[in-house]
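User: Please take a close look at the surroundings of the ligand in this model. Which residues line the site, and which polar contacts are made there?

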Amino acid sequence: MRKLSIIGIGAGNPDHITVQAIKALGSVDAVFLIGKGDAKEDLAQLRKDICARYITRPYRMVEAQDPERDRAPADYQTAVTDWHKQRAAIYERMIREELSDGQHGAFLVWGDPSLYDSTLRIVDQVAAMKTVAFELDVIPGITSVQALAARHKIALNRIGRPIHITTGRLLANGMSADDVVVMLDGDCAFKTVKDAAVDIYWGAYVGTADEILVSGKLKECGPKIEKIRNDARARHGWIMDTYLLRKT
Ligand SMILES: C[S@@+](CC[C@H](N)C(=O)[O-])C[C@H]1O[C@@H](n2cnc3c(N)ncnc32)[C@H](O)[C@@H]1O
C-alpha cells in the first residue's frame, strides 16, 4: 500500500511547522509540489526550504504545473469543479506513477488543510477513481488566521460569542457576525462596510520577513490599508492578506 500525507506547513513562518509534520517529513520518499506560476515562486521556495531543512533522507521532489483557472468565471461553482477535476487527474498520476508500493508521498498544504484549501476534496476524488490505493493521513498546520491573531495579540472571539470566517466576495453582502475574519479578498471588500463602529486587524504576508500589520478603526485605517496593499502587491507581484473586522 502507498502512503499519502497531507501536511499543513503553516502560512509563511517556517517555525510554525509542528513536530508531527517534521516526523512525517522524516519518512517521505516523494514530495509533490504544484507550481502556481512565476508570481508565487516565493511560496514554492518556502515549501522547498522546509523540505531542505527537515527531510534528512534521500527523497524526490515531483513538480507539476497548476491547471489554468478562469479567475472571473460566469459560473464560479462550475469553474471550480472543472479545475478540481483537472487537479485530481494530476494528483492521481503523481501518486500512481511516482510512488511504488510501500512508499510514502506528501502534499505540503499552506496553513492548514481544513481551511479554504481543496487538497482533501481533490484527494477524495482520486480515492474515488479506485485506480491507485493509498493510506491517507492528515497533519494539521497553523492557519494564517491563527498567525494573524497571534501577531496582533488578540483573541478571535469575544467571551461566549461566535466568529464567522468568510471570503472577500461574501463580505460584500454585509457583516454576518460581530467578529468576522475575511480571507481570499482580492478587492479590499472591507470598503463595503460602512458601519463607523468597526475595528480592523489586518495582516499581509503574516509570519514572513515581509509581514505588514495594521490595526485600528476601519474608517481611518481602510484607505491606508488599501494603499499599502496596492503598493505591496506591485512590489512583490502577489499578496496574501487576512483580516478580522470587529464591531465595537
Ligand atoms: C487558499 S487560502 C489558504 C488558507 C490556508 N489554508 C490557511 O490555513 O491559512 C489563501 C488565503 O489565506 C490567507 N493567507 C494565507 N497565508 C497568509 C499570510 N501569510 N498572511 C496573510 N494571509 C494569508 C489569505 O487570505 C489568502 O487569500
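Analyst: A polar contact here is a pair of N or O atoms within 3.5 Å. The model is predicted, and the distances below are computed from it.

In Asp-112, a backbone N or O atom lies 2.9 Å from a ligand oxygen, and in Leu-184 a polar backbone atom is 3.0 Å from an oxygen atom of the ligand. On its own the ligand has 570 Å² of accessible area, and the protein covers 90% of that.

The shell around the ligand holds 16 residues. Nine of these are nonpolar, five polar and two charged. Those that come nearest are Ala-11, Leu-115, Ser-144, Asp-241 and Thr-242.

As for helix packing, α3 (residues 76-98) and α4 (residues 119-129) have axes that come within 9 Å and cross at roughly 65°. The crossing is right-handed. Residues in the contact include His-84, Tyr-91 and Ile-95 of α3, with Ile-122, Val-126 and Met-129 of α4. By class, this contact has eight nonpolar, three polar and four charged residues.

How values were computed. Residues numbered from 1 in each chain as written. Predicted model: local features only at pLDDT ≥ 70, side-chain atom pairs only at ≥ 80, totals over all residues. Heavy atoms only, no water. Axes fitted to C-alpha atoms, helices over the stretch in contact; angles between N-to-C directions. Helix = DSSP H or I, 4+ residues; strand = E, 2+ residues; numbered from the N terminus. Left-handed = near helix turned anticlockwise from the far one by under 90°. Contact = heavy atoms within 4.5 Å. Nonpolar A, V, L, I, M, F, W, Y, C, P; charged D, E, K, R; others polar. Near = heavy atom within 4 Å. Polar contact = N/O pair within 3.5 Å; in protein donor to acceptor, adjacent residues only side chain to side chain. Areas by Shrake-Rupley, 256 points an atom, 1.4 Å probe, with all protein chains shown as cover.
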